[in-house]
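Welcome, and thanks for taking a look at this one with me. Below are some numbered notes to read alongside the structure.

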Amino acid sequence: MQKTSYQVNEKGYYGEFGGAFIPEMLYPNVEELRQNYLKILNDPDFQKEVNQLLKNYVGRPTPLYFAKRFSDKYGAKIYLKREDLCHTGAHKINNTIGQIVLAKRLGKKRIIAETGAGQHGVATATVCALMGMKCIVYMGDIDIKRQAPNVARMKMLGATVIPAHSGSKTLKDATNEAIRDWISNPINTHYIIGSVVGPHPYPDLVARFQSVISKEIKQQLLEAEGTENPDYVVACVGGGSNAAGIFYHYLDRLNVKLIAVEAAGKGIHSGKSAATSQLGKIGIIHGSKTLVMQSPDGQITEPYSISAGLDYPGIGPMHAHLFQTKRVQFLSVTDDQAMLAGIELSKMEGIIPAIETAHAIAIFKEQKFKKDDIVVVNLSGRGDKDLNTYIKYFNL
Ligand SMILES: *Cc1c(COP(=O)(O)O)cnc(C)c1O
């Protein structure tokens, strides 16, 4: 794959962001992965196995759908990349498929993962069932209570869900538990991280697995419009993996404008938000140097968004760099704007989006495009998991 200035360098940095800030005892695990990942990813046998699973198990390529009624209403050519049609309902499986095959090549027998809302836990439990690997998912005690259906899914898929009782009993604490487990099991265990976050090489590894999204779009858009390159590419950002995947092959095409949409929650300055690019300062989270929402004395602050998948106090180091260099324009969308966009897409196109995804859809009310502009939006996931939130919000 071609390297650009927006890609990670040999030291694991995107500009000033990235690196591997990890406890000494984790070094051998991360180093084993760092030394082997590119060799394995470039191996034709590895690629063959992953591509076959993406096709026959995940259901790729996902369609690039021209949303006609939406396009007419908002005055642009709007295409939706249908990651919601992937097996398990979102893009997350692109990464877990890649990492499980990688783990197998590394000779690992046991998989650990952390999960907040449970979506990454389900995607990990799914591929572990597929490969007959032991799966342990760490999840905050509060999240276990909030996300009962996903806990049940993981159990049905054969995973063991271990509650994290420390701290705020949410994602951050689950991550600490997973890291502790990995330190104790360095030989037989692989840690599947769920977004473009974590110590190098994880952000690059996950971005490469998600880059299939923009790879497919180039081909599909060429067929539909006679050009590989849209005018705009839009995606929501939690940790940043679906955005990294849809931006990937356009990063060095500077005439393709890239837009990332963060969750403003109840308003950027309300104290209840997850708009990291707007509120964050440079700090360390999840073993990487990036933008982090933190108090003046450097304590990571609790993020908030109505969508569990965007409720993260950092962004991946690649996105911090893309923000700082202005290669990507960062917008933010409130809970209310996202919910309205979600119901509008449902009624106009017959597609119920995940509330995370609805944030990306919401920008059409604010941003003006030209009639001939081709705008590709990543429809990162389906809304089935969010039905209860939609029901409560709209009194359905
Ligand atoms: C998890 C999730 C996200 C946010 O994660 P990224 O790593 O930022 O992509 C967005 N959309 C859906 C549907 C998700 O499940």
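1. Helices here are DSSP runs of H or I with at least four residues, strands are runs of E with at least two, and both are numbered from the N terminus. With those names in hand, please find Thr-88, which sits in the loop between β4 (77–81) and α4. Keep in mind as you read that this is a predicted model.

2. Let us stay with Thr-88 for a moment. Most residues other than glycine have a negative phi, and most peptide bonds are trans. Thr-88 is not a glycine, yet its phi is positive, about 75°. Its relative accessibility is 28%, so Thr-88 counts as partly exposed. Lys-169 is another non-glycine residue with a positive phi, in this case about 60°. You will find Lys-169 in the loop between β7 (160–164) and α8 (171–184). Lys-169 is partly exposed because its relative accessible area is 29%.

3. Two peptide bonds also deserve a look. Arg-60 and Pro-61 are joined by a cis peptide bond, with omega about -5°. Pro-61 belongs to the loop between α2 and β3 (64–66). The bond from His-200 to Pro-201 is cis as well, and its omega is near 15°. Pro-201 is placed in the loop between β8 (189–191) and α9.

4. Now for the overall layout. The chain is divided into domain 1 (15–53 + 92–206) and domain 2 (60–90 + 211–394). Their C-alpha centres lie 23 Å apart. In the contact between them, 30 residues come from domain 1 and 31 residues from domain 2.

5. Which domains supply the lining of the second largest pocket? Both domain 1 and domain 2 do, each with at least three residues. The volume of this pocket is about 460 Å³. It is lined by 19 residues, and those closest to its centre are Asn-51, Leu-54, Arg-208, Val-212 and Lys-215. At least two lining residues come from each of α2 (44–58), α4 (92–105), α9 and α10 (212–225). Helix α2 gives the most, with six residues. Sorted by class, the lining of the second largest pocket holds seven nonpolar, seven polar and five charged residues.

6. Arg-208 forms a salt bridge with Asp-204, and the closest N and O atoms are 3.0 Å apart. The two residues are four positions apart in helix α9 (residues 202–210), so about one helical turn separates them.

7. Glu-344 has another partner to show you. Lys-365 forms a salt bridge with Glu-344, and here the closest N and O atoms are 3.5 Å apart. This pair, too, links distant parts of the chain: Lys-365 is in the loop between α15 (355–361) and β14 (374–378), while Glu-344 is in helix α14, 21 residues apart. Elsewhere, salt bridges with shared partners join Asp-43, Glu-49, Lys-104 and Arg-105 into one network.

Note on methods:
Residues are numbered from 1 along each chain as its sequence is written. This is a predicted model: local features need pLDDT of at least 70, side-chain atom pairs count only at pLDDT 80 or more; totals for chains, interfaces and linings use all residues. Side-chain values use heavy atoms; hydrogens and water are left out. A salt bridge is a side-chain nitrogen of Lys or Arg within 4 Å of a carboxyl oxygen of Asp or Glu. On a 1 Å grid over the protein atoms alone, a cavity is a set of points where a 1.4 Å probe fits but cannot get out, and a pocket is an open set with protein on both sides within 12 Å along at least five of seven lines; lining residues have an atom within 4 Å of a point. Grid points are joined across faces, edges and corners, and a volume is the space filled by probe spheres set on the points. Ala, Val, Leu, Ile, Met, Phe, Trp, Tyr, Cys and Pro count as nonpolar, Asp, Glu, Lys and Arg as charged, and the others, Gly among them, as polar. Domain bounds come from an automatic or database domain assignment. Contact means heavy atoms within 4.5 Å. Buried means under 20% relative accessible area, exposed over 50%, partly exposed in between (1.4 Å probe, protein chains only).
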